[in-house]
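Please study the sequence and the structure before reading each solution.

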Amino acid sequence: MEEKVIDETKQGQSLTLEARKGNTRKLFIESYGCQMNFSDSEIVASILANEGFNTTTQLEEADLVLVNTCSIRDKAEQTVRKRLEKYNAVKRINPGMKVGVLGCMAERLKEKFLDEEKIVDMVVGPDAYKDLPNLLKEVDEGRDAVNVILSRDETYGDISPVRLGTNGINALVSITRGCDNMCTFCVVPFTRGRERSRDPLSILNEVADLAKKGFKEVTLLGQNVDSYLWYGGGLKKDFKKASEMEKATATSFSQLLAMVAEAHPKMRIRFSTSNPQDMTEDVLHTMAKYDNICNSIHLPFQSGSTRILKEMNRQHTREEYMQLIDKINEIIPECGLSQDIITGFPTETEEDHQDTLSLMEYVKFNFGFMFKYSERPGTMAARKLEDDIPEEIKKRRLTEIVDAQQRHSAYHTNRSLGKVVEVLIERESKKSNAHWSGRNPQNLVVVFPKEDYKPGDFVMVKVTDCTSATLIGEAIGYSENN
Ligand code: 5AD
Ligand code: SF4
C-alpha cells in the first residue's frame, strides 16, 4: 500500500501540448499536489498559448518556467523548494529565463517569495491566472510581478483548457473552486478562497468538446463536489441572499451529474472529492440510475474518533460516517470506496487511533491516501493546538493504518478473482509493454495482455490473478459500451 501514500515528490510532471503555429516562446510548466492543480495548469497553458507560448519538456530551453505548487503538507512545499534550486542552476546558464510560482504556495507566501527566493520573478495565486499576460509584461520590463487576489466569482468557466500530458482518454473538468469547510488542519480555504460553482452550461460545453475529441472519461473536480450549487454565480455562502427566481432555478450536484451522464451515455463519469456531510441520497440515486456514472466514491474521513473529528471541525461524527457508508452500500452495491486519513492530529490518543483502525475495518476501503499530520501555519489547528504527537508515534500509527489498508485492498482484489470486469484501456502497463492498463468502474487498476485492443477501448476482462492493488486478467471481448 506504500505507493498509495501520496508522495508529492513523485507528482511533478513536465507537460507538453501540441505546438500552436506562430508561437515562438517556450513554456516549461510542472504541477505538484492535487488534481485541481493539474487542471489549473491546463488553464494557464491555454492563457499563455494566446501570449505566444508553446510548451516544452526541456527545462534548459524554456523562456518561462512555471511551477504550480501545493501547500497541503510541509513536505509538498519542500519538494517545490528543491525544484526552485534546480531552476536557479539553469538560470545561471540562461539568465533570460523567467521563473513564476503559481498555486497554493504562491497564495500562502505572497510577496515573501520574492524576498526569500531570489530566483522567482512572478508570484500568481490560483484565482489570478487571467492576469498572467499583464504580469508577464511587468516581468519582461524587468519588474517582479505579484497577483494573489482571491476572487468571489472566478471559475475560469470561459477558458477552454489546453489538455496537457494527455492520453486523449481521461480528462479533468473542474466544477467548483475553493472550500468553505474550514477543517482546522487545512490550508486550502486560505490558499484557494471561498467556495464558488461553475456555470453548468460551460461544464456541459467542455464535456461535449471532450467527447467530440474522443475522450472517454471525465472526472468532475472540486474540493467538495457535493456542495456544488449554481444559482447564477457568486459565492456559495451568499446563496441565502439569492433572489427567489435564482433559488428556484438553482442547479445542485446531483442535477449536474445527471445532466452530464445523460448528455454522454458512452462516456464514463467520475467525481472527486466528496465530503460526508454534503453527500446527499439524491447523488447516490443518480449514481445508481446512470450506468455510465462510475460506482466509486472518494470519501475522506480523516479520523475514526468523534472527539478528534470535532477538534478538526469536521461536520460529521464517526456514527454519521458509518450511516452514510451503510446508505451507499444499500443504494449502490459494490461501490468502490476510498479514503483520506490524517494520523497524529494534536491530542490523538491510542484509543482515538484504534477508532480510526476500527472504522477502516468496518468500511474496508478499496484504497486510500494516508498522511501524518503536518502543522500548517495560519490554520486554526496551528493557532490553537500544539503539534504534540511525537514523530515516532505518528510513524508507527501511519504504518498500522497503511498495513490495514493493504489488507483491505487485498481483500477486494481477491474477491474479484474469477469475475468479469469492464475496463477502459488507458495506457501501456508500466511493468510490461505486452500489457494494457486501465481501470474498472470501482477505480481498481486492471492489467491484461494487449491482443488487438487499443487505448480508449472498453473491454470485458476476466480476472485471473491479483496483487493487493491491481487486478490481472485476460480480455474476453469488447464491452457493449464500446
Ligand atoms: N496534514 C496532513 N494531511 C493533511 N491533509 C490536509 N491537510 C493536512 C495536514 N495539515 C490531507 C487530508 C485531505 C488530503 C487532501 O490531505 O487527508 O483530505
Ligand atoms: Fe481542506 Fe476540509 Fe476543505 Fe478538504 S474539506 S479542502 S480538508 S477544508
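**Exercise 1.** Determine which element gives the largest share of the lining of the largest cavity in this predicted model.

*Solution.* Step 1. The structure holds one cavity of 30 Å³ or more, and the volume of the largest cavity is about 50 Å³.
Step 1. Its lining is formed by Ser39, Ile43, Tyr156, Ile159, Pro161, Leu172, Val173, Ser174, Arg198 and Glu206.
Step 2. Two or more of these residues are given by each of α1 (35-49) and β7 (170-174).
Step 3. The largest share, three residues, comes from β7.

**Exercise 2.** Sort the lining of the largest cavity by residue class.

*Solution.* Step 1. Tyr and Pro count as nonpolar, and Arg and Glu as charged; Tyr156, Pro161, Arg198 and Glu206 are among the lining residues.

**Exercise 3.** State which residues surround ligand 2 and how they divide by class.

*Solution.* Step 1. The shell around ligand 2 consists of Cys179, Asn181, Met182, Cys183, Phe185, Cys186, Val188, Pro189, Gln223, Asn275 and Arg314.
Step 1. Of these residues, seven are nonpolar, three are polar and one is charged.

**Exercise 4.** Describe how helices α9 and α10 pack.

*Solution.* Step 1. Two packed helices are described by the angle between their axes and the distance between the axes.
Step 1. For α9 (residues 253-263) and α10 (residues 281-289), the angle is about 15° and the axes are 8 Å apart.
Step 2. Because angles under 35 degrees count as roughly parallel, α9 is roughly parallel to α10.
Step 3. The crossing of α9 and α10 is right-handed.

Key. Residues numbered from 1 in each chain as written. Chains lettered and ligands numbered in written order. Predicted model: local features only at pLDDT ≥ 70, side-chain atom pairs only at ≥ 80, totals over all residues. Heavy atoms only, no water. 1 Å grid on protein atoms, 1.4 Å probe; cavity = no way out; pocket = protein on both sides within 12 Å on 5 of 7 lines; lining within 4 Å. Points joined across faces, edges and corners; volume = space filled by probe spheres on them. Helix = DSSP H or I, 4+ residues; strand = E, 2+ residues; numbered from the N terminus. Near = heavy atom within 4 Å. Axes fitted to C-alpha atoms, helices over the stretch in contact; angles between N-to-C directions. Parallel < 35°, antiparallel > 145°, perpendicular 65-115°, else oblique. Left-handed = near helix turned anticlockwise from the far one by under 90°.
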